[in-house]
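Have a look at the model first.

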Amino acid sequence: MLEQLLPEVNWEKVWESTYETIYMTTWSVIATFFLGLILGLLLFLTAKGNIWENKVINQLVGAIVNIFRSIPFIILIILLLPFTKVIVGTILGVNAALPALIIGAAPFYGRMVEIALREIDKGVIEAAKSMGAKTSTIIFKVLLPESMPALVSGITVTAIALIGYTAMAGAIGAGGLGNLAFMEGFNRGNNQVTLVATIIILIFVFIIQFIGDIITKSIDKR
């Protein structure tokens, strides 16, 4: 039926590109979550008045986060081409897109993690300290559980942004639906391909937002 409605669309390429987008998004979201979590915890814990207060480290991590958050993604991809070539061995394909996707998104999520941690009632943290809790206990038993709804909401927003990033990466050879829309749709004047790629990306966004909202509501005890 789809072939009859959209005869100019090569569905084999569509499904292949869809898989590539899912692949890039999944692995970059997983890596971004953990790297962003580390950055956010460092920013929070080394801030003034916190457990690991250290002005130098805080400013250094903050500067790194701000720099990479400020670079437009399409420019970041180009800047990271030599680095990508070294660690991946190529600058084309889905794996070549991963370093730029992760480096572009992790600082953004790191700031969201920091903001989520700042919203925790300081009385809860002080109570844990007064009971002699170790730093690791405070992190895993207090900070992360208390901020989990905001962390899930943040990674949901980041995942949606990463889908957009994969589309931009696709335009310069990374594969995925962005590459399909650009190469098969725009370059060949095939509006049907562009439309299909857009609809699939929108479906991904709606699904991720829906799942993120459900998880956030289920763990938010407020």
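Buried means under 20% relative accessible area, exposed means over 50%, and partly exposed is in between (1.4 Å probe, protein chains only). This is a predicted model, so to speak of local features takes pLDDT of at least 70, side-chain atom pairs count only at pLDDT 80 or more, and totals for chains, interfaces and linings use all residues. Residues are numbered from 1 along each chain as its sequence is written, and side-chain values use heavy atoms, with hydrogens and water left out.

**Aromatic pairs**
- Searching the whole structure turns up four aromatic pairs (ring centres of Phe, Tyr or Trp, the latter by its six-membered ring, within 6.5 Å; planes under 30 degrees apart are stacked, over 60 edge-to-face, the rest tilted).
- Tyr-19 and Tyr-23 make a tilted pair, 6.3 Å centre to centre with 40° between the planes.
- Both sit in helix H2 (residues 11-45), four residues apart, about one turn of the helix; helices here are DSSP runs of H or I, at least four residues, numbered from the N terminus.
- Tyr-19 is exposed at 55% relative accessible area, while Tyr-23 is partly exposed at 23%.
- Phe-73 and Tyr-165 are stacked, at 4.3 Å centre to centre and 5° between the planes.
- That pair links distant parts of the chain, with Phe-73 in helix H4 and Tyr-165 in helix H8, 92 residues apart.
- Phe-73 is buried, with 7% relative accessible area.
- Phe-33, Phe-34 and Tyr-109 form one aromatic cluster.

Note on methods
Helix = DSSP H or I, 4+ residues; strand = E, 2+ residues; numbered from the N terminus.
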